[in-house]
Amino acid sequence: DVFVATAVDAKPGPGLEVVVSSFLAELEVLGTPPVYLAVAGTVLHGSEGAAGKLRQYPSEAIAIAEDCLGIVDGCQLHVQDKELRHQEASANLLMVLSMMVVIGGMTWVLSAMLHRDIVQPVERMVVTVSELSVNPLRPLKKNTE
């Protein structure tokens, strides 16, 4: 509230600079360094084009347009969120690797099942047919006695 009230007055001087610098320092501590800050049309930090210099996709900047807690219209704040984007990229990479492990496991299971249920019976039929072609009078079942 102190920041907004002081910034709305936009009276240049040490009081405004202290409030703005403490607000910007808090943003730095939160891991979202400010790129641009304007209140009621007065630019307090950076330039409006600075946010455009950051990567657009995936976006490295968040544009926040608020009414300054209901006190004044026309607040603009652009902050960097590179760390958040790095966390999202890491999470996406972990998800892709997990999906690769699941798909690889499912492929292995499907391969084993197909080999057991289709390939081995066909191989046994091929052996039986080849044995019958050599000796057609041979009994199909072997006596186990």
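The structure is a predicted model, in which local features need pLDDT of at least 70 and side-chain atom pairs count only at pLDDT 80 or more, while totals for chains, interfaces and linings use all residues. Residues are numbered from 1 along each chain as its sequence is written, and side-chain values use heavy atoms, with hydrogens and water left out.

Three helices and four strands make up the secondary structure of the chain, where helices (H or I, at least four residues) and strands (E, at least two) are DSSP runs numbered from the N terminus. Read from the N terminus, the order of elements is α-α-β-β-β-β-α.

Of the 145 residues in the chain, 19% are buried (under 20% relative accessible area, with exposed over 50% and partly exposed in between; 1.4 Å probe, protein chains only). The largest nonpolar core consists of nine residues, namely Val20, Leu24, Leu27, Leu37, Val39, Leu44, Cys75, Leu77 and Val79. Two or more residues of this core come from each of α2 (14-29), β1 (34-39) and β4 (75-80). Such a core is a set of buried Ala, Val, Leu, Ile, Met, Phe, Trp, Tyr and Cys residues joined through side-chain atoms within 4.5 Å.

Leu110 counts as partly exposed because its relative accessibility is 44%.

Finally, contacts (heavy atoms within 4.5 Å) were considered between residues at least 6 apart in sequence; in the chain, 45% of these join residues at least 24 apart.
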